[in-house]
Amino acid sequence: MKIKSIRCFQINTKPQPTTIPRPTPPLPHAKMSRPIFRYDRFKHDNNWTVPTNWNRPACIVEAEDGTTGFGISLNGAPVVNIINDHFAPALIGEDCLATERLSDMMFRMSAPYGMGGLTSHAVSAVDLALWDLKGKLLEKPVYELLGGPQKEKIFCYATGFDTEWYMELGFKATKFFTPYGPEEGLDGLKKNEALIANARQLIGDDVELMFDCWMSSDVETVVRLSEMLKPYRLKWIEEYLLPDDWEGYAEVRNRLPSQTLASGEHWYFTNAFASAAKRKLVDIFQPDVLWCGGITAGLKICAIAEAAGIQVIPHASMNYPYGQHLAFAMPVIPWGERSEGVSPPGVPLEEMVQLPGTPVIKDGHLIPSDAPGFGLEITPDWIESKTV
């Protein structure tokens, strides 16, 4: 079956829950430190994150018989152009089941302007659409195409600051963002410790606790932070350095041999993970299949990790069906993450679904859809209502 068309456009998938959130007191530390916060004015201005006209890119791949696959990623405006102007004309007419070939083509085509970041987002959107299409054509859920279910259900953790609500929802693991970075000095370290100390007291000893620095720390700060947080038994500390600071990652690994370390949310394709595995820089890889090159890259990252004795706990993998199917099939993936705003206190998780047909977490676990492809229930009317 040949590819008939590929088109990409921007959509806004922000959920619109109908349940009114419970009134809750403001949380004193509910913010996420960012790398740019070393410049004080950016702490009070969120407009620097991405331009307001960069919504999600949505990619539809259509086969000759009219069957379609649907994939998404991030940073719509430039990604839409990469797909429509460069990838689509080259891939039309190719075998739509040849996911390895098509992924390799996109990877090599984009070499002149860089194979990470925005390019990886573009490859991911197309690759996910191709896997969705493949599942529909073969009348199988994607996890069956990846080898079948490896587990009965996926253990899930929640990321955010509404800890009591996450416990009420049945999660047995939760992760906080670091509110204070190196620019806050010793005072910031103490405030971070106070946040984690309070969290541990709140959740007790039978819930796992993690800390996400989101690229905003440095070697000295994360080493001091790890030492201060030892009494609170963190399962891991993650993404503490800028993604390409390989020597910094090596130094942290050397200075914190007993601390479980995780990263990879902002690593792309397979070379970065292969390099990190060779040097054993971290204990847990955290690729995002919407960013790292899609399911095709995700499979290779899992193989690299398993051979090196490294776990894979993909970023935001329970938010969308794409990561759910990969996690369900791969032995090296023990957990999944629900992030990007789990749900406000009192709002059911069902009301936070961004793509129709996405299964939701029940009592801290999830089972993917067994419908063909990723089980999405995307209709032309839904696409029209979300297109921007």
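**Helix packing and salt bridges**

Guide: Helix α7 (residues 219-228) and helix α8 (residues 246-255) pack at an angle of about 25°, and their axes are 10 Å apart. Axes here are lines fitted to C-alpha atoms, for helices over the stretch in contact, and angles run from 0 to 180 degrees between N-to-C directions. Helices (H or I, at least four residues) and strands (E, at least two) are DSSP runs, numbered from the N terminus.

Visitor: Before we go on, what kind of model is this?

Guide: This is a predicted model, where local features need pLDDT of at least 70, side-chain atom pairs count only at pLDDT 80 or more, and totals for chains, interfaces and linings use all residues. Residues are numbered from 1 along each chain as its sequence is written, and side-chain values use heavy atoms, with hydrogens and water left out.

Visitor: OK, back to the helices. Are α7 and α8 roughly parallel or roughly antiparallel?

Guide: Roughly parallel, as angles under 35 degrees count as that, over 145 as roughly antiparallel, 65 to 115 as roughly perpendicular and the rest as oblique.

Visitor: Which residues meet there?

Guide: From α7 you have V219, E220, V222 and V223, and they meet G248, E251, V252 and R255 of α8. Contact means heavy atoms within 4.5 Å. By class, that contact has four nonpolar, one polar and three charged residues. For the classes, Ala, Val, Leu, Ile, Met, Phe, Trp, Tyr, Cys and Pro count as nonpolar, Asp, Glu, Lys and Arg as charged, and the others, Gly among them, as polar.

Visitor: And is α7 largely enclosed or largely open?

Guide: Seven of the 10 residues of α7 are buried, so α7 is largely enclosed by the rest of the structure. Buried means under 20% relative accessible area, exposed over 50%, partly exposed in between (1.4 Å probe, protein chains only). The buried ones are V219, T221, V222, V223, L225, S226 and M228. What covers them includes α6, β6 (208-212), β7 and α8.

Visitor: Switching topic: how many salt bridges are there?

Guide: The count is 19, taking a salt bridge as a side-chain nitrogen of Lys or Arg within 4 Å of a carboxyl oxygen of Asp or Glu.

Visitor: Which one links distant parts of the chain?

Guide: One of them is E184 with K43, whose closest N and O atoms are 2.9 Å apart. E184 sits in the loop between β5 (173-177) and α6 (185-203), and K43 in the loop between β1 (3-11) and β2 (56-63), 141 residues apart. E184 is partly exposed at 22% relative accessibility, and K43 is partly exposed at 24%.

Visitor: What about K175 and E238, buried or exposed?

Guide: Both are buried. Their side chains meet in a salt bridge at 2.8 Å, N to O. K175 is in strand β5 and E238 in strand β7 (residues 236-238), 63 residues apart. K175 and E238 also belong to a network of salt bridges with D212 and E337.

Visitor: Is each one buried or exposed?

Guide: E239 is buried, at 1% relative accessibility, whereas D363 is exposed, at 60%.
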